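Please look over the structure below with attention to its ring contacts and its backbone. The notes that follow are grouped by topic.

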Amino acid sequence: MTETAVYAAGGVVWRRVEGKLRILLIHRTKYRDLTLPKGKVDPGETLAETAVREIREETGIRVALGVPVGVSRYRMPNSRTKIVHYWAAEATDAAVRTSSFVPNKEVAAIEWVSMKKARKHLSYPVDIEILDEFARIVDEQALPTFPIVVLRHGKARSREEWDGIDTDRPLTARGRKQAQAIVGPLLAFGVRRVLSSPAERCVRTATPIAQAVGQRVQLTADISQDAWEQGHADARAVIGQRVRARKPVVLTSHSPVLPSLLHELALATGTMSGSYLGSASTLEPGAFSVAHVPVEHPGAGIVAIETHEPRA
């Protein structure tokens, strides 16, 4: 019988101190090693939620995830394969000041070090590979990034089953579960604002995450399916505004509109077109794609796009 893999997640936590880049490493008590913060997925968690939780538990620092920086795979002593997903995660000055870290039975100490020192002293080659990918992004001057998230509404009643107007079609029970399930993963990326098509199914999908960040859902017909079908949608205006704002945002819309949103995002950021845009816009109900855009040079192109499937 083949053993199932063990999944985990973590991050390359970084900050700038007097203009110099510093990486956060942890000294683990039991293993007497120096490594990146990471840990195993808890039941019901997504990898993004795990990364944020483990970073906080091991370092005391609250972070939002930035660009993905790789996946490590290695054989554990019990012969099972461990697969660890990593993201870059900036530690703000406020997060560092309010860190709750104290030495404990798992982590003896945390240490901010230079990239050169981190590469020299990390205990495992797989960690160095992750650091090298992070360094590549640093060399491209692509940090920090901000996320623009495109979210397809949760599962809704079908048109055939609905007698009312299309914009009033409600979410199914599964759709309502999906709307709740995406809150944790979206919070992991530091979402602050939530925009939505006025359609009932989109608004109800967007409401739980908006409530979680203490905001109202901002409605815009420019990304509605009705406007798209009538030729009045204006994805370009919405995307342009969000790129200029340079703040984390969720855009909740419909399957036919999503390709336009990704296409306009590529144009607004000077990103080369490719099949990856189609993949990122072909979403199941309740799924979302995260486009990581450089804060300082948004016209330099999207750094990475990742897609997250619904749990419910």
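**Backbone and ring contacts**

Pro144 is found in the loop between α4 (125-139) and β8 (145-152), where helices (H or I, at least four residues) and strands (E, at least two) are DSSP runs numbered from the N terminus. This is a predicted model, in which local features need pLDDT of at least 70 and side-chain atom pairs count only at pLDDT 80 or more, while totals for chains, interfaces and linings use all residues. Residues are numbered from 1 along each chain as its sequence is written, and side-chain values use heavy atoms, with hydrogens and water left out.

Backbone
- A cis peptide bond, with omega about -5°, joins Leu143 and Pro144.
- Glu18, in the loop between β1 (6-17) and β2 (20-28), is a residue other than glycine with a positive phi, near 50°.
- Glu18 counts as exposed at 80% relative accessibility (buried means under 20% relative accessible area, exposed over 50%, partly exposed in between, with a 1.4 Å probe and protein chains only).
- Ser79, in the loop between β5 (68-75) and β6, also has a positive phi, near 75°, and is partly exposed at 46%.

Rings
- There is one aromatic pair, counted where ring centres of Phe, Tyr and Trp (its six-membered ring) lie within 6.5 Å, with planes under 30 degrees apart called stacked, over 60 edge-to-face and the rest tilted.
- The centres of Trp87 and Phe189 are 6.4 Å apart and their planes are at 75°, so the pair is edge-to-face.
- Trp87 is buried at 4% relative accessible area, and Phe189 is buried at 1%.
- The charged end of Arg15 sits over the ring of Trp112, 5.2 Å from its centre (NZ of Lys or CZ of Arg within 6 Å of the ring centre and within 35 degrees of the ring normal).
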